[in-house]
Amino acid sequence: MLIRDIAQFDGKQITLAGWVYNKRSSGKIRFVIVRDGTGLTQCVFSQKDLSPEVFELADKITQESSLYVTGMVRKDDRAPGGYELIATDLKLIQMADNYPISPKEHGTDFLMTNRHLWLRSRRQHAIITIRSHLIKAMRDFFDNQGFILVDTPILTPAAVEGTTTLFEVEYFGEKTYLTQSGQLYNEPDAAAFNKVYCFGPTFRAEKSKTRRHLTEFWMIEPEVAFADLNDIITLAEDFISYIVERVLTKCPEQFKVLERDISKLEKITKPFPRITYTEAIEKLNANSKPVKWGDDFGGDEETVLSNLNDKPLVITHYPAQCKAFYMKRDSNDDKLALGADILAPEGYGEIVGGGQREDDLATLEKRIAEYKLPKQAFEWYLDVRRYGTFPHSGFGLGVERTLAWICALPHVRETIPYPRMLEKVYP
RNA sequence: UCCAGCGUAGCUCAAUGGUGGAGCAUUCGGCUGUUAACCGAAGGGUUGCAAGUUCGAGUCUUGCCGCUGGAGCCA
């Protein structure tokens, strides 16, 4: 019997197993709020109806003690959630020690060192529940469209893109690195399966200390054979509008707990506005955020652009110098890359990065040399161009940034159960 | 790595250079429908660490450590 199903048991006797969330008392009556991981319900202990032992236990029981409580379910408007349990018996599993998270305000550092306990609180519970539904929606979207899930490795040889700082792992005397993206592996996988996606954790050893950064975060990355830049942007629009709609349908209670203004999410319908990098620069200059053509956008610029619309904003045709070596160039202007980033609205910034891949062997070899990457490490990757090369495109979407936007959270750290941040790996 | 702010009870925070307090949590007591219940009482402190200035430092100075925010960095 779970609390989430309590309404079905109105008027019936049930036994709940759970933990004490909070307790209130008045004279000869005790209200124990019980939490079982699926919901909260108020259990009412009246002295006149109970043995002295049971009433005494209900009086003494501490926050987060584990217990079984038996009683009759009753609809009552005075109870939080609309239903309560008129208790007839209480069995203690364990009397909890003095619980550190009291029902008052706490600081971030304290809550993060108690992250394993903080997850029991309503807000955190709501966020992680939405995360679960969000990930299910993401996987369903690709599965329903005939994509094959092809897992990419977490341990990778040599520095792959040569741009970001990677975590080094000693691998039987050899240097390996924790993956920063499944991207390069997705490309041969697309040649094998046509439409593929990978989903897993990625790692960046950057010393970034901002509301948008984690050192360990989750990405879902589709790669589509014979798709061009335009095709992949359309896919991303379909994808984002689908996952937002799904969590809105599945998680109304959780959004209520978070006090999220869901009318803003209801506007997330395709198509999304699309502008080029050059147009974005013009908009920034018009919004007194002058940026030189050729510079990448920083956090401030992303926030300004992100606030321009109600919908995610697609920015295409970045200067090639800002983008990875494998990005295909615009045939009309070799300085531009056929890439697209998508910025979430409400100031949340980049959630998607992707584009069309360079599919010409000679050009790609030239790029590898230009970016001063060790060609030998990329022979397997170049094979995709040697044996039946094909136009293909893909993108990566960061789960935590997307969830932070969907839940309107000020920081990504609450969107993952156990965040890994700069010099923070406990618990 | 750089800049700024902060570090006081288990937690969140007060305290003009002059006897370190409150709320929550804990313990005890009261109240027959509480809604982060309320009311009364009690226990709880090497004021991050080290040095310095001063008759006197939680408060001022220096260094170190830690945290927070931001920058840089970052598909």
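Me: In which strand is Tyr171 found?

Reply: The model before us is a predicted one. Tyr171 belongs to strand β8, which covers residues 168–171.

Me: Is Tyr171 buried, partly exposed or exposed?

Reply: The general idea is to compare the relative accessible area with two cut-offs, 20% and 50%. Tyr171 has a relative accessibility of 38%, so it counts as partly exposed. Together with Leu155 and Phe172, Tyr171 forms a nonpolar patch on the surface, and the accessible area of the three together is about 360 Å².

Me: How should I read a helix in these terms, and which residues of α5 are buried?

Reply: One lists the buried residues and then looks for what they pack against. In α5, the buried residues are Gln183, Leu184, Tyr185, Asn186, Glu187, Asp189 and Ala190. The buried residues of this helix pack against β7 (155–157), β10, β11, α12 (379–386) and β18 (392–398).

Me: How many salt bridges does a search of the whole structure find?

Reply: The search finds 34 salt bridges. In one of them, Lys267 is paired with Asp310, and the closest N and O atoms are 3.9 Å apart. Lys267 lies in the loop between α8 (263–266) and β12 (274–276), and Asp310 in the loop between α10 (299–306) and β13 (313–316), so this pair ties together parts that are 43 residues apart in sequence. Lys267 is partly exposed, with a relative accessible area of 42%.

Me: What can be said of the salt bridges of Lys60 and Arg329?

Reply: Lys60 forms a salt bridge with Asp59, and their closest N and O atoms are 3.9 Å apart. Lys60 is partly exposed, at 48% relative accessible area, and Asp59 is likewise partly exposed, at 26% relative accessibility. Arg329 forms a salt bridge with Asp334, with the closest N and O atoms 3.9 Å apart. Arg329 counts as buried, at 16% relative accessibility. Salt bridges can also share partners: in this way Glu365, Lys375, Glu379, Asp383 and Arg386 are joined into one network.

Me: How is an arginine read through its polar contacts, and which backbone oxygens does the side chain of Arg212 approach?

Reply: One first places the residue and then follows its side chain. Arg212 lies in the loop between β10 (195–203) and β11 (216–225). Its relative accessible area is 15%, so Arg212 is buried. The side chain of Arg212 reaches the backbone oxygen of Gly299 at 3.2 Å, and a polar atom of that side chain lies 3.4 Å from the backbone oxygen of Gly347. Leaving aside neighbours within four places in sequence, the residues in contact with Arg212 include Glu302, Thr303, Tyr348 and Arg401.

Me: How many aromatic pairs does the structure hold?

Reply: The structure holds 21 aromatic pairs. Phe141 and Tyr242 form a tilted pair, 5.5 Å centre to centre, with 50 degrees between the planes. This pair links distant parts of the chain, for Phe141 is in helix α4 (residues 122–144) and Tyr242 in helix α6 (residues 229–250), 101 residues apart. Phe141 counts as buried, at 5% relative accessibility, whereas Tyr242 is partly exposed, at 24% relative accessible area.

Me: Which cluster do ring pairs form?

Reply: Ring pairs link Phe141, Phe142, Phe147, Tyr197, Phe239, Tyr242 and Phe395 into a cluster.

Notes:
Residues numbered from 1 in each chain as written. Chains lettered and ligands numbered in written order. Predicted model: local features only at pLDDT ≥ 70, side-chain atom pairs only at ≥ 80, totals over all residues. Heavy atoms only, no water. Helix = DSSP H or I, 4+ residues; strand = E, 2+ residues; numbered from the N terminus. Buried < 20%, exposed > 50% of the residue type's maximum accessible area, 1.4 Å probe, protein only. Polar contact = N/O pair within 3.5 Å; in protein donor to acceptor, adjacent residues only side chain to side chain. Contact = heavy atoms within 4.5 Å. Salt bridge = Lys/Arg side-chain N within 4 Å of Asp/Glu carboxyl O. Patch = residues over 30% accessible without salt bridge, like charges linked within 9 Å, V, L, I, M, F, W, Y side chains within 5 Å. Areas by Shrake-Rupley, 256 points an atom, 1.4 Å probe, with all protein chains shown as cover. Phe/Tyr/Trp six-rings, centres within 6.5 Å; stacked < 30°, edge-to-face > 60°.
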